[in-house]
Amino acid sequence: MSCSRRKLLKSALSASVAASLPISAFRFLSPAECKAATGTEGTRWGFLVDTNKCVGCGFCVKACKKENEVPYEAPVTRTWVERYVVTKNNKLHIDSPLGGRDGFTDQKIRGEEIDPAEIAKTFFVPKLCNQCENPACVQVCPVGATYQTGDGVVLVDRDWCIGCGYCIMACPYGARFFHPVHKVAEKCTFCYHRISNGQQTACVEACPFEARRIGNLLDQNDPVTKIIMTERVAVLKDEYGTKPQVFYLGLDRNVR
Amino acid sequence: MKNHVLRPLWCALAAIALILIVRHFMVPDDFGVNGESFTYGFHRLSNVDEWQDFKAKYKGREYCQECHEENVAEASTSKHQLIQCENCHGPAIDHPDAPETLVIDTSRELCLRCHASLSYPDSPRAKIKAIDPDRHNTDTSCIECHNPHNPNLEEG
């Protein structure tokens, strides 16, 4: 085997260039990582609930029911507000009459009078579908009637749903229910018809205190995304691994 | 091969063919895996458009302002500026065409959503002026004295 001087120098040079490349240059990226690295294109809807601001007026529940044609008198709702009262003996009182549709106007909780002097802390927690990144409700659907859109909202196909109720049982947050009129599974859609057309959701618009906000998590300049990225936010039932996209400010440990 | 072996085979093949034919007509063309994930993207694609085309009922303050400029201006400078028109007036939908007139909720219950006294000192509710609904002019409507667009009694 012969080797000319030119060939030797060529090989030596390419070998040294190859050796100088860091190993990390060859790391394989997941599609999600690629997407995140290539900028802010696309939409991923996220929701922010500030429990420090909610006064329990229930305008969000009222607006949601009217906007989305959820039967007003039926005890079902896509979004609801829970009242938590913790007394000094560390006892927890929770209620949500009609999902908080008519607000909280009575000091009594489930008919029980609570002495104001005994109250340690009180707060209202608005809840809605968490539009999970790993939605358990979608995994269990036997017919492909519920699914996740490209921008991360979980929807139900009313023509395709057979009403078996698996998804209602699978949701760890109790966000799904059976629609009394359409006889199919029903859930919060983040007002998909509104957010897709540049409007706010009905509940966000109705809230007088900015306790509810919606934003695009892929847009770094979105005020909601900024808060989620820079402040201490929590999600509900993190241990279920569903990766909720509804984030809470001021969440108490008693809220589940 | 014997006839009794072939007969069930033909029946099975016919059943499969029938299922495929029925499936062809029953399952829409756009049904399948849409997007990246098989687990979460298995659905009928046109349903996304159906949800996007759902009719919005709440139009927002800007829509009201187009005709009711004075009322919006009055409410926008008062303490009730936070509250959307449609929270009390009801969803506009296609007003003034349909419905021609909106039914305004002037009930005590509406005001009490925020203004019923709850002794929750650490809640933001405590910052709102409140009354005891069982004692404060029980048989009178709130709007008899308070103008909802400008609730301050001294100014209104």
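A residue is counted as buried if 20 or more other C-beta atoms lie within 10 Å of its own, as exposed if 12 or fewer do, and as partly exposed in between, with C-beta atoms placed from the backbone. By this criterion, buried residues make up 41% of the 256 residues of chain A. The structure is a predicted model, in which local features need pLDDT of at least 70 and side-chain atom pairs count only at pLDDT 80 or more, while totals for chains, interfaces and linings use all residues. Residues are numbered from 1 along each chain as its sequence is written, and chains are lettered from A and ligands numbered from 1 in the order in which they are written.

The predictor assigns the complex an ipTM of 0.89 and a pTM of 0.85. For chain B, the average pLDDT (the predictor's confidence in each residue, from 0 to 100) is 92, and 98% of the residues score at least 70.

Chain A contains eight helices and 10 strands; helices (H or I, at least four residues) and strands (E, at least two) are DSSP runs, numbered from the N terminus. The radius of gyration of chain A, taken over C-alpha atoms, is 25 Å, well over the 18 Å that the globule rule (2.2 Å times the number of residues to the power 0.38) gives for 256 residues, so chain A is more spread out than a compact globule. Its C-alpha trace spans about 100 × 50 × 30 Å along the principal axes. Helix 1 of chain A (residues 5-20) reaches 23 Å from its first C-alpha to its last, close to the 22 Å expected at 1.5 Å a residue, the expected span being 1.5 Å times one less than the number of residues. The count of buried residues in helix 1 of chain A is zero.

A nonpolar core is a set of buried Ala, Val, Leu, Ile, Met, Phe, Trp, Tyr and Cys residues joined through C-beta atoms within 7 Å. The largest such core has 64 residues, of which A:Cys60, A:Ala63, A:Phe190 and A:Cys203 touch the most other members. Helix 3 of chain A gives the most to this core, with five residues. Leaving aside residues up to four places away in sequence, A:Ala63 touches A:Ala202, A:Cys203, A:Glu205, A:Ala206 and B:Tyr58, where contact requires C-beta atoms, placed from the backbone, within 7 Å.

The contact between the chains takes 43 residues from chain A and 37 residues from chain B. Elements giving two or more residues to the chain A side include helix 3 (59-67), strand 4 (119-127) and helix 7 (202-206).

Terms used: Contact = placed C-beta atoms within 7 Å.
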